[in-house]
Amino acid sequence: MPPTEEAVKLIEASERIAIATHISPDPDALGSLLGLGLGLQSLGKQVAFLCDDPVPTKLRFLPGGDAVASSTDIQPELFIGVDASDVERLGESSTAWLSAGIPIINIDHHITNVNFGTINLVDPQAAATTEMLPAVLDALGVIITKDIATCLAAGLVGDTRSFGTSSVTPHTMHVAARLLETGIDLAAIIEAVFSRRSLSVLQLWGLGLSNLHMDDSVIWTTISAAKRREIGLRDISDTGLSNILISAAEANISAVLTEKSDGKIDISLRARPDYDVASVALSLGGGGHPQAAGCLIEGSLEAVVERLIPLLKAQIASVTEKG
Ligand code: 5GP
Ligand code: MN
């Protein structure tokens with residue numbers, strides 16, 4: 001049986017369902033969690049919306065966001081992970097349910113997905129996890145309302161930088177057109193996702209941009225926990241600074257290294273088409289897409305720079321040799 005049919009059968013047979021998404025959630029993570037969850041609720045299911053971290057201020061416009069929590073007491077019969085390539089990425093709120101002996105559906109679009117589910121719906125051709133969800137919702141007989149479409153569109157907009165990445169396909173645009181037909185305000189979603197940053201995020205960019213390093217065509221910056229505290233920014237990785245760095249004409253790969261409060265270093269990577277940062281992130285225990293990837297590793301900022309930059313330079317060299 002195709003995995004989508006198996007997933008649909010399991011969902012139909014379950015009354016209480018926990019859906020979880022990754023830590024430091026981005027628009028695709030929350031759009032997938034809420035879009036799928038609202039759809040399952042419309043079928044009368046009890047749904048837990050799990051995420052270790054709260055909904056970021058800029059994403060509070062998403063319908064259903066108030067229900068997102070780091071725990072649940074519904075005793076789910078089925079667990080669904082969305083937009084997460086491995087179980088570590090799902091965080092502590094999922095740990096108990098992942099080992100509870102209940103079936104696990106893994107819905108994701110990362111090429112680095114490790115197929116941790118009982119059923120794995122993994123499509124690296126999809127530009128966003130939310131691009132995959134209309135097929136699942138259709139098979140369940142869910143009507144995609146304007147609220148559900150708003151969540152799904154936020155995922156498309158976020159992961160494609162407003163339909164501007166090389167991951168966009170005709171299917172992405174078909175899904176987008178269908179969501180638009182429900183009456184969503186796409187311009188307002190794009191505005192909320194990309195033009196409603198807190199002042200402290202801009203201050204963080206200022207810090208990062210005043211401390212740029214460049215070697216070969218790798219551009220990077222580091223942000224210490226102390227500096228982040230000075231500007232009052234909590235632990236968030238989805239600040240968009242890596243996207244700014246990769247806009248440098250001289251750069252083929254960008255990296256932003258941010259020291260978190262727990263001392264771990266969050267690494268956010270971007271690459272121009274033809275280069276592949278997913279393989280580098282995977283080798284460091286993280287994951288992502290060829291053009292946007294990341295990982296979380298132990299060590300001081302200095303030690304992590306010393307480990308990471310040679311790997312990124314080797315990636316540049318391997319492409320140069322091939323070309
Ligand atoms: P960002 O740089 O925007 O935080 O993340 C870019 C991409 O890399 C996203 O697709 C994200 O899911 C993935 N990613 C970022 N950090 C990690 C990580 O620590 N582990 C894994 N598996 N993927 C990550
Ligand atoms: Mn995604």
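This is a predicted model: local features need pLDDT of at least 70, side-chain atom pairs count only at pLDDT 80 or more; totals for chains, interfaces and linings use all residues.
1. Let's start with the overall layout. The chain is split into domain 1 (3-195) and domain 2 (199-322), and their centres, taken over C-alpha atoms, are 26 Å apart. Domain 1 brings 12 residues to the contact and domain 2 brings 13 residues.

2. How much area is buried between domain 1 and domain 2? The figure is about 1,000 Å², with carbon and sulfur atoms giving 51% of it. On the domain 1 side, Ser-24, Thr-112 and Arg-161 are worth a look: they supply 41% of the area that domain 1 buries against domain 2, more than any other three residues.

3. Now to the ligand. Ligand 1 lies between the two domains, because domain 1 and domain 2 both give residues to the shell around it. That shell has 16 residues, and the closest are Ser-85, His-110, Ser-268, Arg-270 and Ala-293. By class, the shell holds 4 nonpolar, 9 polar and 3 charged residues.

4. Strand 10 (265-271), strand 11 (287-289) and strand 12 (292-297) each provide at least two residues of the shell around ligand 1. Strand 12 gives the largest share, 5 residues.

5. Finally, the polar contacts. Asp-86 places a polar side-chain atom 3.4 Å from a nitrogen atom of the ligand. On its own, ligand 1 has 500 Å² of accessible area, and the protein covers 89% of that.

Conventions:
Residues are numbered from 1 along each chain as its sequence is written. Chains are lettered from A and ligands numbered from 1 in the order in which they are written. Side-chain values use heavy atoms; hydrogens and water are left out. A residue is near a molecule or strand if one of its heavy atoms lies within 4 Å of it. A polar contact is a pair of N or O atoms within 3.5 Å; within protein, one must be able to donate a hydrogen and the other to accept it, and residues adjacent in sequence count only if both atoms are side-chain atoms. Accessible areas come from the Shrake-Rupley method with a 1.4 Å probe; for residues, only the protein chains shown count as cover. Helices (H or I, at least four residues) and strands (E, at least two) are DSSP runs, numbered from the N terminus. Ala, Val, Leu, Ile, Met, Phe, Trp, Tyr, Cys and Pro count as nonpolar, Asp, Glu, Lys and Arg as charged, and the others, Gly among them, as polar. Domain bounds come from an automatic or database domain assignment. Contact means heavy atoms within 4.5 Å. Buried area is the accessible area (1.4 Å probe) that two parts lose on being put together, summed over both.
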